[in-house]
Amino acid sequence: MSRDTSGQSAGGAEARRSPEFRPYHHPAAGWGAAKSVSRFLIREGELVDGPRAIQKMNHEGKGFDCPGCAWPDDLKGLKLDICENGIKHVTWEMTRGRVDPAFFAAHTVTELAAWSDAALEAQGRLTHPMRYDADTDTYVPVSWQDAFDLVGRTLRGLDDPGEAAYYTSGRLGNEATFLYQLMARELGTNNLPDCSNMCHEASGRALQAALGTGKGTVDLKDWEATDALFIMGVNAASNAPRMLTSLAEAYKRGAQIVHINPLVEAAARRTIIPHDFVDMALNRSTPTSTLNLQPRIGGDMALLRGMAKAILAEAEHRPKALDRQFIDRHTTGFEAYRALCESTPWEEIERQSGLGRDRVEAAARVYCDADRSIFSWCLGVTQHEHGVDTIREIVNVLLLRGNLGREGAGPSPVRGHSNVQGNRTCGIDHRPSKEFLDRLAEACGIDPPREHGLDTVATIEAMRRGEVKVFVGMGGNFALAAPDTAYTFEALRGCELTVQVSTKLNRSHLVHGRQALILPCLGRTEKDMQKSGEQSTSVEDAMSMVHLSTGMKKPASPHLLSEPAIIAGMARAALPDSATPWESYVEDYDRIRDTMAGALDGFEDFNRRVRLPLGFRIKQPARELVFLTPSGRAEFSAAPLPDVVPAAGTLKLGTMRSHDQWNTTVYSDDDRYRGIKNLRTLVFMNEDDMRERGLSLFDEVDITSIAKDGTTRSLYGYKAVPYDIPQGCAAGYMPEMNVLCAIGDYSTQSDQPLMKNVTVTVNPAGAPGDR
């Protein structure tokens with residue numbers, strides 16, 4: 001059943017309504033979330049299966065893991081450990097709409113390419129494997145075996161294994177992830193780009209350099225025991241809504257909560273947790289912050305340096321402000337860092353952070369007065385040229401007071417996708433370590449390649465040059481998620497073969513190579529029946545807990561295959577003589593887990609431990625003050641402050657999600673928590689910046705980015721919206737604004753695209769020289 005929504009934007013009929021802006025002053029979550037969920041369930045026609053899914057999501061035993069964010073499951077066995085966006089994401093997956101062969105026969109790719117992205121996804125679930133037919137410009141049905149044979153033939157025909165790249169979205173479970181990287185490495189390449197390359201690569205590299213681990217060291221128990229939380233560059237109410245529970249509980253027990261973000265988001269004010277029935281009944285909210293700081297975009301490192309400078313000064317008359325015993329026993333590089341802090345003038349800290357000294361010192365006082373502190377951050381910190389240095393500065397501040405290796409303290413990156421951390425743990429890494437490859441070789445009997453592969457940006461560039469000829473995407477919507485949209489589209493279209501493993505129709509199916517396959521897979525909510533019976537897959541949350549997920553619903557089509565089955569089918573076709581037991585792995589996922597137990601550090605006795613209540617936590621040596629660094633200690637860094645002040649006439653723009661959006665999936669044109677209705681083509685600006693340009697609310701503007709190489713990219717006819725954001729800064733929605741981020745504008749520290757640090761000019765629409 002297809003839906004005639006080709007002319008609609010995300011909100012369908014809402015696209016014909018006038019835009020509205022009314023600043024949001026209500027609590028995050030609460031009745032606003034409840035009403036939004038109810039409307040969404042009604043709109044999607046899921047008044048039975050939707051509530052059923054709510055009772056199964058994030059439950060141990062026979063529950064399934066939310067396919068949205070990676071926030072850990074509640075330790076107390078909460079029966080409604082859910083959120084608004086998680087329910088929307090699950091309902092979106094369970095839609096009754098179907099995209100079957102008849103739909104593709106009725107619509108050419110050229111026609112579909114003119115539809116909005118929301119209209120494409122609104123058609124429903126993919127039902128059959130499909131192959132692109134150039135003669136008719138349509139996708140036509142193909143048998144699974146013929147699809148696998150096409151993949152196998154093409155991969156075997158490459159001159160070099162490195163002419164293929166294997167992309168991974170964070171929705172892929174651990175077992176499928178392990179098989180996917182095993183296939184790529186048995187084929188002979190480490191070209192394993194993933195969504196981490198665009199979001200938290202900086203976190204992994206910084207933590208690895210400073211502590212010898214690429215992950216945070218805290219767990220949910222630490223969040224429940226800490227005295228102070230510093231939340232940096234996180235829009236928690238939309239991107240990790242279940243964090244609101246932790247913030248509310250922390251406030252109630254007297255913890256200090258400092259939010260650091262250019263925008264004061266809804267989660268930084270107050271909330272009503274929907275499962276707190278008394279608070280809901282009384283409409284009684286709980287504050288979620290004790291201090292809000294708004295640095296300029298990119299100014300976080302200067303703020304942290306200022307905090308460290310203030311802490312060191314405080315220690316001159318209050319020695320306990322520093323934990324000298326911890327510093328002396330467990331760290332190296334302290335004296336060089338202290339000298340750097342002392343030599344950095346307050347004038348420079350204020351200029352780069354965009355904050356007054358009094359505000360920086362207020363944050364330092366909170367930190368010094370707390371016995372145990374946690375720093376948590378997301379893409380507002382990572383998607384910058386100096387993201388690695390900034391995260392190392394976070395670690396520096398933690399080390400000053402020994403906030404590591406003890407309850408209630410440590411670094412806690414917020415992963416925004418359900419299993420993106422598990423993907424990296426289970427082998428999706430274009431720069432694998434020698435130790436990982438040695439264990440993989442021994443456990444799987446293969447000879448994996450040792451040279452580094454391509455990450456996301458390098459893969460796009462290699463496709464554009466014709467050096468990567470096959471692109472396989474496991475989940476996600478790569479064409480829209482990547483930077484420099486036009487460049488990425490051209491790169492994909494130059495491929496010999498593109499393969500997209502997906503649940504719903506999206507833009508990446510229409511931006512394809514000369515040959516193309518759409519391979520439909522089971523969703524997280526659906527039952528996975530294999531030869532040995534019903535299967536479960538595992539996922540890893542943002543705090544290193546690994547647990548099982550079991551679908552509850554009949555698959556959307558009898559022609560769907562699981563992700564492990566699709567990977568095994570491609571692998572057998574490409575590696576017909578492989579000794580890897582691909583078919584046996586698919587029959588029983590316990591067999592995959594047994595192999596993973598031998599190949600992956602921390603997964604020993606995997607099958608037993610993953611079935612424990614709430615699963616198990618992967619060991620973190622740094623949590624035990626064991627540092628796998630060259631020095632064997634936690635390492636202070638001493639990087640100079642970058643200059644992040646925008647040049648005259650320019651602004652620094654950060655891209656972000658709206659509230660009614662999950663990654664590239666847009667549910668409506670509304671952004672409730674920012675007070676926007678019926679509009680996505682907008683730019684949030686400081687009122688003084690608007691006044692300088694003669695702009696008022698909803699005036700049309702043209703936005704032009706200026707890349708490092710001097711090239712420009714533009715968006716026309718966007719609407720300006722005044723917002724509480726520092727002067728010189730602006731913000732707007734991805735994926736629409738991804739076009740502004742040039743392919744060459746990536747961090748030299750992490751290779752991440754600079755999605756939150758784009759240099760732009762904003763002028764009234766049609767101003768001379770803008771077109």
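**View 1. Strand β17 and the directions of its side chains.** From β17, L497, V499 and V501 point one way, T498, Q500 and S502 point the other way, and all are buried, where buried means under 20% relative accessible area, exposed over 50% and partly exposed in between, with a 1.4 Å probe and protein chains only. The model is predicted: local features need pLDDT of at least 70, side-chain atom pairs count only at pLDDT 80 or more, and totals for chains, interfaces and linings use all residues. Residues are numbered from 1 along each chain as its sequence is written, and side-chain values use heavy atoms, with hydrogens and water left out. Strand β17 covers residues 497-502, and because 6 of the 6 are buried, the strand is largely enclosed by the rest of the structure. Helices (H or I, at least four residues) and strands (E, at least two) are DSSP runs, numbered from the N terminus.

**View 2. The two partners of β17.** Strands of a sheet pair through backbone hydrogen bonds, either parallel or antiparallel. Two strands count as paired if DSSP finds at least two bridges between them. Strand β16 (residues 470-474) pairs with β17 in the parallel sense over 5 bridges, and V470 stands opposite L497 there. Strand β18 (residues 515-520) also runs parallel to β17, joined by 6 bridges. Q515 in β18 is the bridge partner of L497.

**View 3. L510 in the loop between β17 and β18.** L510 is found in this loop and is buried, with a relative accessible area of 4%. Its C-alpha atom is separated by 41 Å from that of E442, which is 68 residues apart from L510 along the chain.

**View 4. A barrel of 6 strands.** The strands close in the order β25-β32-β29-β31-β30-β33, with mixed pairing. Neighbouring strands of this sheet are turned by 45° against each other on average, direction ignored; axes are lines fitted to C-alpha atoms, for helices over the stretch in contact, and angles run from 0 to 180 degrees between N-to-C directions. Strands β29 (residues 682-685) and β32 (residues 729-733) run antiparallel and are joined by 2 bridges. M685 stands opposite A730 in β32.

**View 5. The largest pocket.** This pocket holds about 1100 Å³ of space. On a 1 Å grid over the protein atoms alone, a pocket is an open set of points with protein on both sides within 12 Å along at least five of seven lines, a cavity is a set where a 1.4 Å probe fits but cannot get out, and lining residues have an atom within 4 Å of a point. Of the 33 lining residues, Q208, G214, R424, D429 and S433 are the closest to the centre of the pocket. The elements giving two or more residues to the lining are α9 (201-211), α21 (420-425) and α22 (434-444). By class, the lining of the largest pocket has 9 nonpolar, 13 polar and 11 charged residues.

**View 6. Cysteines C341 and C368.** The sulfur of C341 is 13 Å from the closest cysteine sulfur, in C368, too far for a bond; a disulfide is a pair of cysteine sulfur atoms within 2.5 Å. C341 is buried, with a relative accessible area of 1%, and C368 is buried at 6%.

Definitions and conventions
Points joined across faces, edges and corners; volume = space filled by probe spheres on them. Nonpolar A, V, L, I, M, F, W, Y, C, P; charged D, E, K, R; others polar.
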